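Please look at the sequence and the structure together, and keep both in view while reading the paragraphs that follow.

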Amino acid sequence: MATTNEPPKTAKRDALRALEGKARQMWDETKTFEIDAPTIEEHANSADLHELYPKYMACMAYPYMNGRLHLGHAFTLSKVEFAIAYERMKGKRALFPQGFHVTGMPIKACADKLLREMEKFGKAFENYDEAELAKELSEKAEVNKNVKSKVAAKTGNVTYQFQIMEQLGIPRDEIQKFADPYYWTTFFPPLAMKDLDAFGSKIDWRRTFITTDANPYYDAFVRWQMNKMKLKNKVKFGERYTVYSIKDQQPCMDHDRQSGEALGPQEYTAIKMTVMDWSNKAKEVLGQVKELEGKTVHMVAATLRPETMYGQTNCFVGPDITYGIYNVNDKDAFLITERAARNMAHQKIYAQEGVINKLAEIKGSDIVGTKIHAPLSTYVHVYVLPMETVSPTKGTGVVTSVPSDSPDDFATVMDLKKKPEYYKIEPEWIADYEPIPILETPTYGILTAPTLCKELKINSQKDTNQLAKAKELAYKESFYQGVMVIGKYKGSKVQDVKGKIKDELIASGGAFVYNEPEGLIMSRSGDECIVALMDQWYLDYGEDTWKAETKKCLSQLNTFTNETRHQFEQTLDWLNQWACARSFGLGTKLPWDTQYLVESLSDSTIYMAYYTVAHLLHGGSLNGSQVGPLGITAEQMKDEVWDYVFKLGPYPENCGIPQASLDKMQREFDYFYPLDVRVSGKDLIPNHLTFFLYNHTAMFPEEKWPQGVRSNGHLLLDSKKMSKSTGNFMTIADAVDKYGADAARFALADAGDSVEDANFEDATANAAILRLFTLLEWCEEQVAKVDNLRTGEYDFYDRVFINELNKLLKLTDEAYAATYYRDALKYGVFEFQAARDHYQQACLESGMHRDLVLKYIELQTLTLTPVCPHWAEHVWHELLKKEGTVTSVAFPQPSAPVDESILEAADYIRRTIKSIRDSELSLQKKKKKGKQVESDYKPNAPKSLKIFVANKFPEWEEEVLTLAKTGYDEATGKFDDLKVRKALGALLKNKRVMPFYQAQKRIIENAGPSAFDRALKFDEIATLNTATKEFKRALGFDPIHIVKVEDSTEEDKRTADNSAPGNPSFIFKNE
């Protein structure tokens, strides 16, 4: 087989990757990113500290350490990384600290799974037999038809925890170590540090740490925080509804969940509808159930609208749903779904808390026809009827029917009345039950549902889309505009009496409060969560005074986008008490009640303050196993010591720590706080980020409150959601291996800067490799021949290039400052290189200027430094022979004010060349299509060009603009089109007028009133004379004649008259 000497396809990537190690080695050796506050000896006065020594501190939410970091982490981190790099180049001490979160259930749940799997399959999982397991699951599927599809889907593809560990690259014989949850805390954080180093991160690793009692220093910090919050009455104890895992026997907060993050309890009014007479089928099914003897059975419905109970005409059940009758106490039993029973069992509703005692089971279809008493209904009794759309996963599976105000109920009732035989009901069960007017609204009168169904042409319960619309309209109108027309509160507004009616229903024994999760919530242990009413420690978020302080913090916060601010505002409006303790998992023990641990979203709210001093306590030791440079032990970090460090209390005389040591810690905190920017995914706003604001306002004075929060969307990978199961997934290590660090960073910068989901594209990363490699080659070539480049005075194209670079520098600077990194690439890379290419083309004959070539390489290196630091470091040292790290060089500023006139002249030349070239091509296309053209022009034969230059605009255009100005409002920057049309009057007969006006309108509304002045900022004829050589080179014309319109011949007059200032006309022909 023949061999070739062709370079590998990854040669360009490999060449760029070869630059990375050298740069990182230099950063490590010089401790480039270890950032300290000015010492007290350097500057004792704190008042002007930041003025003399500007700082910038930013961080991202510390990642959870149950696996390798992925590209989504890198995307969020890149926002911090680029900001730190830029602010560093702006002369600030820019600190990027990074810790790792291990608190909570996820690690413990995984470790427990491994223990169970080791019991089943052996310590090294040697007894695992995939084929046998598939057979076992298949047999189970046959037994339980209801779950057949789910289990069958998993057969042969069952993922155990040990298999997940193998996917993470852990050898099977090593996996047993992970059955100890604390082993995870020592294994994954160092890998994360390695990955982030390979990515080129500017992290001060002295300040890193892990959470929980595995780190005694951070453990002491969290205990201090919780004690402080309790002293401030922010932590309270009491009975409250919370999402709960029966399996884990503890509250299941957001970070403990496999799914359902940000969902909370939904409160309903549970209506007790007493069974008066069972249907015949129900009597057959339940007649032999001895446990029901002497029991009063209540069908329980969950409603959000207790004020409408006056209008009940029947009750609905799902005919295909299996219901249970559950024991409540000695006298009562509830007919509900099993899901509802699980929730009620933990809400102090049953006599025996936590006990689910099912007395009987019955299909919904068998209950149809049962006679019941409905509280508040004007009918003495109503019947149970079938409804196909009843959900077993929402509410209790039993639904009250109020056809006067619920479009769904009205549509179903009308179906039942029309086709009783089809629905297998007796006509008398519903025929005489008419909708009862219960409230009146201005829009829909006293029968909201019937009116809406008529208006929206809803004819059946199957008209689901229209019914959803009707339901939304009905609820809003009824709540905000409705007035009661029945009962005790007749004449009162619905929103004023809704709560009163609910309270009276409960007091009468006809109802009770019931809660369930807002949606499906699965715990990390695989348990479907419920809502429990329990005594617990909670943070009193939502308390009026605290909320007001947090809203004040938000009002001063830079949120970067309106979407982020609005999401914070919405969260602050609904966020309420939050359980801050749990029984199991990893974490810090609650100081005053050590049977509990601080939950994972409560020990991660002010850790940014811990970053400021972590290096002095345990400098670089993740778990605090090594005492830091100040020699302070974790045991010495008592609450009063933390108070002093964070300027919240006096120096504790008996602490055993020299005051000078604590003063050094205090200086670090005082200098770097407040936090300038915190970057996180937008999904953390409803919990983590809002808690971050709440806790800072509670713990620190206003001058230490956070300054900014930047939220971003999720990261898509090639326009698809990242998912391990589909294989569309990439870790940071994968990305660096595949593309190299700088190209990966480049693609992340280009992925997007809004709160919408961003997109990392393989094509962009590969294009970045080519761009960086080609740019490096170009720089090397120019430096190699620098002594042969042109010197002396600058010509026209030199001045154009200088001005273009200066303008782009300003735009790049603004983009970096605003954290718009895609724009920073646009101006600082793409357009920067386009300007270079234009310059190089224009200088093909004369050659580029030596000084400008070197200046371009330097400026391009600096504008790329935040995004591609390894590449920039190489060019800075190896090509430009500069000293020090490029990451500390000042961000470049324009060398002079931008001369817009020369830029307009350059743009004019490029536009004119393009216009002439396009005209040539158009002529050739017409010929190829066989169209008749006036000349037999041949573009490749000798040819000449006449360019006609006008010194004034057509009079009708000037008149149009003068009249249009009368309809322009300088305050709004907009035109009043009606006013302009009226002013133009008879001129509108000219068909060119309106298109001209619309074009000028767009320009003026975009640029402002200065655009009314269309006078050119450059001498058009002088510019064309200067550019003659470029026209000849680019287009091949010779000779080229530049002619004033007034000097044109009669033969050329028609063409010449089409020219206008800045838009010349032209004629080309063969010589």
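The largest nonpolar core has 141 residues, and L71, W871 and F1031 have the most contacts inside it. A nonpolar core is here a set of buried Ala, Val, Leu, Ile, Met, Phe, Trp, Tyr and Cys residues joined through side-chain atoms within 4.5 Å, where buried means under 20% relative accessible area, exposed over 50%, and partly exposed in between, with a 1.4 Å probe and protein chains only. If neighbours within four places in sequence are left aside, F1031 is in contact (heavy atoms within 4.5 Å) with I909, T912, I913, I916, L945, I947, L1024, G1036, F1037 and I1040. A second, separate core has 78 residues, including V598 and M665.

This is a predicted model, in which local features need pLDDT of at least 70 and side-chain atom pairs count only at pLDDT 80 or more, while totals for chains, interfaces and linings use all residues. Residues are numbered from 1 along each chain as its sequence is written, and side-chain values use heavy atoms, with hydrogens and water left out.

Strands come next. Strands of a sheet pair through backbone hydrogen bonds, either parallel or antiparallel. Strand β3, residues 235-245, pairs with β4 over two bridges in the antiparallel sense, and Y244 stands opposite P251 in β4.

Elsewhere, strand β6 (residues 265-277) is joined to β17 by seven bridges, and the two run antiparallel; T269 has V513 in β17 as its bridge partner. Six of the seven residues of β17 (residues 511-517) are buried.

How do helices α18 and α22 cross, and at what angle? The axes of α18 (residues 562-574) and α22 (residues 685-699) come within 10 Å and cross at roughly 80 degrees, the axes being lines fitted to C-alpha atoms over the stretch in contact, with angles running from 0 to 180 degrees between N-to-C directions. The two helices α18 and α22 are therefore roughly perpendicular to each other, a term used for 65 to 115 degrees. Among the residues that make the contact are F568 and L572 of α18 and L689 and L693 of α22.

Technical notes:
Pairing = 2+ DSSP bridges. Helix = DSSP H or I, 4+ residues; strand = E, 2+ residues; numbered from the N terminus. Parallel < 35°, antiparallel > 145°, perpendicular 65-115°, else oblique.
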